[in-house]
Amino acid sequence: QVQLVESGGGLVQPGGSLRLSCAASGSIFSINVMGWYRQAPGKQRELVATITSGSTNYADSVKGRFTISRENAKNTVYLQMNSLKPEDTAVYYCYALVMVTILRPQNYWGQGTQVTVSS
């Protein structure tokens, strides 16, 4: 089994910054993809950003404001969020595509962390 534990959410004023962290632990052979999704009240869960060993991908709505990074030795992914807007308010979920064995990929999700942008 694999666990994803998120931290770093909270309340911030518009224009402020937050940094989310997500650490994966458990039965991990390797991790192909890590990323962040978010879900606002009444809306579907949407991609924020993903990172592989060689590339990153961002939603258009966060490009230039958010930066995803990864620390492979710690199986940890970060999301630096700058210039936050009220529309960034959502529950942010960590995601990982984990190879639990050399041939077996499996998706995992964190429990979610609330980010609220409000004055």
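I began with serine 21, which is found in strand S3 (residues 18-26). Strands here are DSSP runs of E with at least two residues, numbered from the N terminus. I noted that this is a predicted model, where local features need pLDDT of at least 70, side-chain atom pairs count only at pLDDT 80 or more, and totals for chains, interfaces and linings use all residues. Residues are numbered from 1 along each chain as its sequence is written, and side-chain values use heavy atoms, with hydrogens and water left out.

Is serine 21 buried or exposed? I found it buried, because its relative accessible area is 17%. The cut-offs are under 20% for buried, over 50% for exposed, and partly exposed in between (1.4 Å probe, protein chains only). Next I listed its contacts, meaning heavy atoms within 4.5 Å. Not counting residues up to four places away in sequence, serine 21 touches Val5, Glu6, Ser7, Trp36, Val77 and Tyr78.

Then I turned to the sheet. I saw 4 strands forming an open sheet in the order S1-S3-S8-S7, with antiparallel pairing. Two strands pair if DSSP finds at least two bridges between them. Which strands stand at the edges? They are strand S1 (2-7) and S7; each has a single partner strand, so one side of each is left without a neighbour in the sheet. Neighbouring strands of this sheet are turned by 15° against each other on average, direction ignored. The axes are lines fitted to C-alpha atoms (for helices over the stretch in contact), and angles run from 0 to 180 degrees between N-to-C directions.

I followed S7 and S8, which pair in the antiparallel sense over 6 bridges. I picked out threonine 67 and found its bridge partner in S8, glutamine 80.

I checked the loops next. Asparagine 75 lies in the loop between strand S7 (66-71) and strand S8 (76-81). Its phi is positive, about 50°, although asparagine 75 is not a glycine. Most residues other than glycine have a negative phi. I put asparagine 75 down as partly exposed because its relative accessibility is 24%.

Serine 83 sits in the loop between S8 and strand S9 (90-101). It is not a glycine, yet I read a positive phi of about 50° for serine 83. At 41% relative accessibility, serine 83 counts as partly exposed.

Last, I looked up asparagine 32 in strand S4 (residues 30-39). Asparagine 32 is partly exposed, at 35% relative accessibility. Leaving aside neighbours within four places in sequence, its contacts include Ile51, Arg70 and Met99.
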